[in-house]
Structures are given as C-alpha cells and as structure tokens.
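Please consult the sequence and the structure shown below alongside the text.

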Amino acid sequence: MDKPIFLVGFMGSGKTTWGKKLAAKLDIPFVDLDHEIVASMGMSIPEYFEKFGEEKFRLLEREFLQKQEQREAIISTGGGTPCYYDNMEWITQHGLALYLYHTPKSLWARLSKSDVNKRPLLKGFSEDELLTFIENKLEERAPFYEQAQLKFEQIHTPLEEIIALIQQYQSTTR
Ligand code: S3P
C-alpha cells in the first residue's frame, strides 16, 4: 500500500476540484478534510468558527488530519492545515505532500470569483483588501507549503506529468 498523498496550498488553489480528478486517474479514494469535519460536526466551517473560534477549529483539524495516517487516498487539506502545530512535519512523515502553487494574482482571480463567505478568513473583504490579504498570508504560509516533497504550478502542468512525478517519488520510497 502506498502512503497517503496530501494536497497542500492556499485557499482557492484547486485542492478539492483538482484533487478529485487526480484521485479518479489514480483510482484511489478522495478525502476532503474540511468535508470530513463538516460532516462530523453537523455544521459549516463558518458556523464552527463563529460558535467555537479559530483555535478550536485548528485543534479539530489536527485531529482529523491524524486520522488519515493509514489511508491510501488523495487527501485535500485546508489552506491553514500545514501551518499549525507540527502538522506539516507530520504530513511529510506520514505521506507524500504535493504543493499546488499559484501566484497571489492567480489566487486572487480564482477566489474573487468564489463565494468568500464560505471561507471565514476572507469574509467581508473588498477586492483590493482581498489581494493584499492573499499576498501577506501567502508569504507567511509559504515556508510551510514549501516543505512539501513535490511542488508544481497545477494550472500549467499536465495531470499526466504530475502522475509520473508521483509514481517516480513513490517508487523510490517504497
Ligand atoms: C482555511 C482554509 C479553508 C478551511 C478554513 C480555513 C485557511 O479550506 O479549512 O476556512 O486557514 O486557509 P480551503 O483551503 O479548502 O478553502
């Protein structure tokens, strides 16, 4: 059995949408950490933030992350997951991490088209404020994302090329 493959990257980087495609191609299950949390808590992420606060969410997120240890699956993490506690170290020790890199402008273009109210950290920003937030937050988080074993600009890299990289990496660590 191969180790789990964790997708890491900023909000809006395509971890869920693209992760599903990758899982289908590799014929392994797809797991979305946020969806697991939502299903088990019976409330949305913004509702959870509002009720219990971000600190409690980060603890819960860590608990759900560590449940994925023995799963041969593609696991989409939340944008903040690798950046709290020793989560990124845990991820790279227990699986293969793929960083889905985007420039701040690309994230901005993607996120400004999405419903920002679904993401508590983005709630209430104007377009300009959103870009500044992305630039600053990405700079803060990049040192965590950069610890991933593989990094690529998903929008410019064909899926087949990424699969070849994954398989090459797995064959050397099996
Ligand atoms: C967060 C990202 C979200 C979700 C929560 C916090 C973050 O996941 O976990 O809103 O801190 O970046 P996505 O990256 O799937 O949007």
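Is glutamate 63 buried, partly exposed or exposed?

## Glutamate 63 and the basis of the model

Glutamate 63 has a relative accessible area of 46% and is therefore partly exposed; buried means under 20% relative accessible area, exposed over 50%, and partly exposed in between, with a 1.4 Å probe and protein chains only. The residue belongs to helix 4.

The model is predicted: local features need pLDDT of at least 70, side-chain atom pairs count only at pLDDT 80 or more, and totals for chains, interfaces and linings use all residues. Residues are numbered from 1 along each chain as its sequence is written, and side-chain values use heavy atoms, with hydrogens and water left out.

Helices (H or I, at least four residues) and strands (E, at least two) are DSSP runs, numbered from the N terminus. Helix 4 comprises 13 residues, 54-66, and spans 18 Å from its first C-alpha to its last, close to the 18 Å expected at 1.5 Å a residue. The expected span is 1.5 Å times one less than the number of residues.

Phe57, Arg58, Leu60, Glu61, Phe64 and Leu65 are the buried residues of helix 4. Viewed down the helix axis, they fall within an arc of 165°, so they line one face of helix 4; the arc is that of the directions from the helix axis to the C-beta atoms. An α-helix has 3.6 residues a turn, so residues three or four places apart point the same way. The buried residues of helix 4 pack against strand 1 (5-8), helix 2 (33-41), helix 3 (45-52), helix 5 (87-94) and helix 7 (127-145), where contact means heavy atoms within 4.5 Å.

## Crossing of helix 2 and helix 4

The axes of helix 2 and helix 4 come within 10 Å and cross at roughly 110°. Helix 2 is therefore roughly perpendicular to helix 4. Axes are lines fitted to C-alpha atoms, for helices over the stretch in contact, and angles run from 0 to 180 degrees between N-to-C directions. Angles under 35 degrees count as roughly parallel, over 145 as roughly antiparallel, 65 to 115 as roughly perpendicular and the rest as oblique.

Helix 2 contributes Leu33, Asp34, Glu36, Ile37, Ser40 and Met41 to this contact, and helix 4 contributes Phe57, Leu60, Glu61, Phe64 and Leu65. By class, the contact of helix 2 with helix 4 has seven nonpolar, one polar and three charged residues. Here Ala, Val, Leu, Ile, Met, Phe, Trp, Tyr, Cys and Pro count as nonpolar, Asp, Glu, Lys and Arg as charged, and the others, Gly among them, as polar.

## Helix 5 and arginine 62

Helix 4 and helix 5 have axes that come within 11 Å and cross at roughly 10°; the two helices are therefore roughly parallel to each other. Arg62, Leu65 and Gln66 of helix 4 meet Asn87, Trp90 and Ile91 of helix 5. Three nonpolar, two polar and one charged residues make up this contact.

Arginine 62 has 22% relative accessibility and so counts as partly exposed. Leaving aside neighbours within four places in sequence, arginine 62 is in contact with Tyr85, Asp86 and Asn87. Tyrosine 85 is located in the loop between strand 3 (74-76) and helix 5, and its phi is positive, near 50°, although the residue is not a glycine. Tyrosine 85 counts as partly exposed because its relative accessibility is 44%.

## Helix 3

Ile45, Pro46, Tyr48 and Phe49 are the buried residues of helix 3. Their arc around the axis is only 160°, which puts them on the same side of helix 3. Glu50 and Lys51 are exposed on the other side. The buried residues of helix 3 pack against helix 2 and helix 4. Glycine 53 follows helix 3 and has a positive phi, near 90°.

Aspartate 27 is placed in the loop between helix 1 (15-26) and strand 2. Its phi is positive, about 60°, although the residue is not a glycine. With 69% relative accessibility, aspartate 27 counts as exposed.

Aspartate 32, in strand 2 (residues 30-32), counts as buried at 8% relative accessibility. Not counting residues up to four places away in sequence, aspartate 32 touches Thr16 and Ser76.
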